[in-house]
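User: I am new to this structure and would like to be walked through it with a few questions. Could we begin by looking at it together?

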Amino acid sequence: MQVKILGSAAGGGFPQWNCSCANCHAVRGGQFRGKARSQTQVAVSSDGESWFLLGASPDLRSQIEASPELHPRSGTRSSPIGGVVLASADLDHVLGLLLLRELQPLNVYATGSVTRLLREQNSMFAMLNRAPDQVRWRAMRVEESFQLCSPSGHQTGMEGEVIPV
């Protein structure tokens with residue numbers, strides 16, 4: 001399995017847009033020993049070809065552009081991103097879904113409550129289903145494992161399990 005850290009900062013990134021603490025001020029001024037970071041985002045793959053996102057960060061577009069493994073391979077719509085696993089409906093965890101709305105087949109794995117919040121209680125996320133089967137919502141249940149499958153339904157050899165915290 002391959003795991004790629006695309007971002008490792010908290011909500012708002014680092015430096016945070018509205019913060020002038022010593023660290024944020026120093027990174028903006030080029031005086032910080034570390035570097036700026038985007039919001040938390042992880043991608044996983046069993047073969048280096050098909051990738052799944054653990055969450056969908058608001059910084060997702062720039063994170064994809066900074067990661068050649070996630071670039072389109074050929075044709076007009078050919079992303080290697082096959083799906084997204086959502087652990088919650090927190091905005092920092094789901095806003096990137098709206099960037100994945102460009103009629104690319106995609107599996108979204110979420111619990112029933114997260115799916116209801118996004119599909120039934122938030123009209124903005126309706127744009128993820130402008131075409132039949134654009135996004136296939138896959139149910140995750142607490143303490144049950146599930147297979148990560150490509151948009152065409154092929155198993156990837158990766159599975160997940162929902163653990164309540």
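Analyst: What follows is a set of questions and answers on the sheet, a salt bridge and the pockets of this predicted model.

User: In what order do the six strands of the open sheet lie, and which are the edge strands?

Analyst: The pairing in this open sheet is mixed, and the twist from one strand to the next averages 25°. The six strands lie in the order 1-2-3-4-5-6. Each edge strand pairs on one side only, and these are strand 1 (2-7) and strand 6 (135-140).

User: How many bridges join strand 5 to strand 6, and do the two run parallel or antiparallel?

Analyst: Strands of a sheet pair through backbone hydrogen bonds, in either a parallel or an antiparallel manner. In this part of the sheet, alanine 110 stands opposite alanine 139 in strand 6. Strand 5, which covers residues 106-111, is joined to strand 6 by six bridges, and the two run parallel.

User: Which helix lies across strand 5 and strand 6, and at what angle to strand 5 does the helix run?

Analyst: The helix that lies across both strands is helix 4, made of residues 112-119. Taken against strand 5, the direction of helix 4 is at about 120°.

User: Which residue forms a salt bridge with lysine 4?

Analyst: Side chains of opposite charge can pair when their charged atoms come close. A search of the whole structure finds two salt bridges. One of them links distant parts of the chain, 65 residues apart, with lysine 4 in strand 1 and its partner in the loop between helix 2 and strand 4 (81-85). The closest N and O atoms are 3.7 Å apart, and the partner of lysine 4 is glutamate 69.

User: Which helix gives the largest share of the lining of the largest pocket?

Analyst: The largest pocket holds about 440 Å³ of space and is lined by 15 residues, with Ile64, Pro72, Ser79, Leu99 and Leu100 lying nearest its centre. By class, this lining divides into seven nonpolar, four polar and four charged residues. The largest share, three residues, comes from helix 2 (residues 60-65).

User: Which strand supplies the largest share of the lining of the second largest pocket?

Analyst: The second largest pocket, with a volume of about 340 Å³, is lined by 20 residues, of which Val85, Ala87, Met140, Phe146 and Glu161 lie nearest its centre. Its lining has 14 nonpolar, four polar and two charged residues. At least two residues come from each of strand 7 (145-149) and strand 8 (155-161), and the largest share, four residues, comes from strand 8.

Methods:
Residues are numbered from 1 along each chain as its sequence is written. This is a predicted model: local features need pLDDT of at least 70, side-chain atom pairs count only at pLDDT 80 or more; totals for chains, interfaces and linings use all residues. Side-chain values use heavy atoms; hydrogens and water are left out. On a 1 Å grid over the protein atoms alone, a cavity is a set of points where a 1.4 Å probe fits but cannot get out, and a pocket is an open set with protein on both sides within 12 Å along at least five of seven lines; lining residues have an atom within 4 Å of a point. Grid points are joined across faces, edges and corners, and a volume is the space filled by probe spheres set on the points. Ala, Val, Leu, Ile, Met, Phe, Trp, Tyr, Cys and Pro count as nonpolar, Asp, Glu, Lys and Arg as charged, and the others, Gly among them, as polar. Two strands pair if DSSP finds at least two bridges between them. Axes are lines fitted to C-alpha atoms, for helices over the stretch in contact, and angles run from 0 to 180 degrees between N-to-C directions. Contact means heavy atoms within 4.5 Å. A salt bridge is a side-chain nitrogen of Lys or Arg within 4 Å of a carboxyl oxygen of Asp or Glu.
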